[in-house]
Amino acid sequence: MRSSRRAKPRILIVTPEITYLPDGMGNMANQLHAKAGGLADVSASLVGALFHHGADVHVALPHYRKMFHVDVGKLISDELRVYMNHLSNSRIHLAEDRIFYYRDSVYSNYSEDSFRQAMAFQREVINNIIPSVKPDLIHCNDWMTGLIPAAARRMGIPCLFTVHNIHTQKATLEAIEDRGIDAAPFWQNLYFERPPINYEETRSTNPVDMLASGIFAAHFINTVSPTFLREIVEGRHSFIPDNIHREIAAKYYAGCARGILNSPDEECTPERDPALAVNYDAATHATAKKVNKIAFQSRTGLRVDQNAPLFFWPNRLDPVQKGCQLLAEKTYDIIHKYYQQGLQIAIVANGSYQEVFRNIVRFHDFYDRMLVCDFDENLSHLAFAASDFVMVPSLFEPCGLPQMTSQYYGSLPVVHDTGGLHDTVENISEDGSTGSGFCFRDYDANAFMWGIDQAMKFYNRPEEFRDRVVARVMTEAKQRFNHDVTAQAYIDIYESMLERPLVNPVCHNL
């Protein structure tokens, strides 16, 4: 299946979601937006960086016609012919199946529906897209692409598998083949619930683990932060299934695993964010953030006070991962302790814990001190610009983007010292010359309160000192967390797997 040796290797990136694609990749590039989370952002940044630096990069996506605003039924014959011709001459390869056409969102809340989507996507990639593209390397993402590394190994194509989230599904070979994927040629490269005896014995009784299969069959894997990879290998998280732990550890000790940090959306910066009352940069943040704070307070009903310390919650209210119960336990203590300074808390997020915080507001009459509202993209952007601090007390965090985005906007993060949070936030030194936020080590409410106290200790330093530190954090964040840095890390892996340069050395200057 592998092509003859090309002067420029061809990379196929397989992803169920993406934020954008660069102009020049195909006539539909500016229409393709399907996002559920950070995977869409990192896919977009990687494809964009590879394309702009001359790599022969191709992308496989489900054809979300409704989300892409494509109504094939209304195209007349000539328009349909032109449309199909555009697809055939593009570097964008859309997996065709009715299950994708009329969707409003990337993923389903129903496991059976998610399974059918994943099977349809992988069927098209394995049966049609890979034979058409003839890639030299395939890059897959999460359990929804977990069968492809096994097929790629059988075809002799090296495959990188990125683990963004520890979610998986299981299905028998029989169920997989009923969805149009002939697994018989590569079944031995899959990871089963129990060791298989032979194909016939295992076909209908021994489920395949999709995520474990992707990890097991891939030639190289990566997680989305170095520390989260080490935490998995060391067995520090009880929620990681044993088989996933073993397979990731095996890849790690074989020298075939790496942690690569995602990076924030570089379009979401205070210099050009249209959601802000006033734009700013590191040099002008001191006055501009106060203007944005007043705008945010006026819009949300918080007491208008440009000097009030404002803490922003940017994550979904998920008590399993995000630590919102720590804030709930300490909300009264935080507001009461710093009541005279006018401390405010803003929660712009959806999730099961939202009603808990609404009850706290009602019970303590915190209406002008605490905001609890549904997630809104523009309001969230304004909150990053308005806030002084961002709270990310996650129990675990494969990567996390809010704590990096907050540094772009000059809002200092208060985080639990775990996973990607450990890799992106360091405690600010006493003289303010190093560090970017406030990290608490133990996962409990008192440790979280310590983090809030450290933030307020910083807030009570002289304004000139604070402004100097925030300006430094903003400047350093752009240097550390950007798409070129992330893309270069992936390119390094690609080149080691291919054992040759990915792009012309003249262009390879990420």
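Student: What should I know before I start?

Tutor: This is a predicted model, where local features need pLDDT of at least 70, side-chain atom pairs count only at pLDDT 80 or more, and totals for chains, interfaces and linings use all residues. Residues are numbered from 1 along each chain as its sequence is written, and side-chain values use heavy atoms, with hydrogens and water left out.

Student: Which residues line the largest cavity?

Tutor: Among them are Pro16, Tyr64, Phe100, Phe121 and Trp143. Helix α4 (residues 111–133) gives the largest share, four residues. Helices (H or I, at least four residues) and strands (E, at least two) are DSSP runs, numbered from the N terminus. By class, this lining has ten nonpolar, two polar and no charged residues. For such counts, Ala, Val, Leu, Ile, Met, Phe, Trp, Tyr, Cys and Pro are nonpolar, Asp, Glu, Lys and Arg are charged, and the others, Gly among them, are polar.

Student: What is the volume of the second largest cavity?

Tutor: About 40 Å³. Its lining includes Ile13, Ser43, His139 and Tyr490. Helix α1 gives the most, three residues, and the classes are four nonpolar, five polar and no charged residues.

Student: Now the sheets. In what order do the six strands of the open sheet come?

Tutor: Two strands pair if DSSP finds at least two bridges between them. The order is β12-β11-β10-β13-β14-β15, with parallel pairing. At the edges, β12 (370–373) and β15 (438–440) each pair on one side only. Inside this sheet, four bridges join β13 (residues 389–392) to β14 (residues 412–416), and phenylalanine 389 stands opposite leucine 412.

Student: Which strands does helix α17 touch?

Tutor: Contact means heavy atoms within 4.5 Å. Helix α17 (residues 445–459) packs on the sheet and touches β10, β13, β14 and β15. Its direction makes about 160 degrees with that of β15; axes are lines fitted to C-alpha atoms, for helices over the stretch in contact, and angles run from 0 to 180 degrees between N-to-C directions.

Student: Are the residues of strand β8 buried or exposed?

Tutor: Buried means under 20% relative accessible area, exposed over 50%, and partly exposed in between (1.4 Å probe, protein chains only). In β8 (residues 220–223), Phe220 and Asn222 on one side and Ile221 and Thr223 on the other are all buried. Strand β5 (residues 159–163) runs parallel to β8, joined by four bridges, while β9 (residues 257–259) pairs with β8 in the parallel sense over three bridges.

Student: Which loop holds lysine 134?

Tutor: Lysine 134 sits between α4 and β4, and has a positive phi of about 55 degrees although it is not a glycine. Lysine 134 counts as partly exposed because its relative accessibility is 39%. Aspartate 365 also has a positive phi of about 55 degrees, and is exposed, with a relative accessible area of 54%.

Methods
1 Å grid on protein atoms, 1.4 Å probe; cavity = no way out; pocket = protein on both sides within 12 Å on 5 of 7 lines; lining within 4 Å. Points joined across faces, edges and corners; volume = space filled by probe spheres on them.
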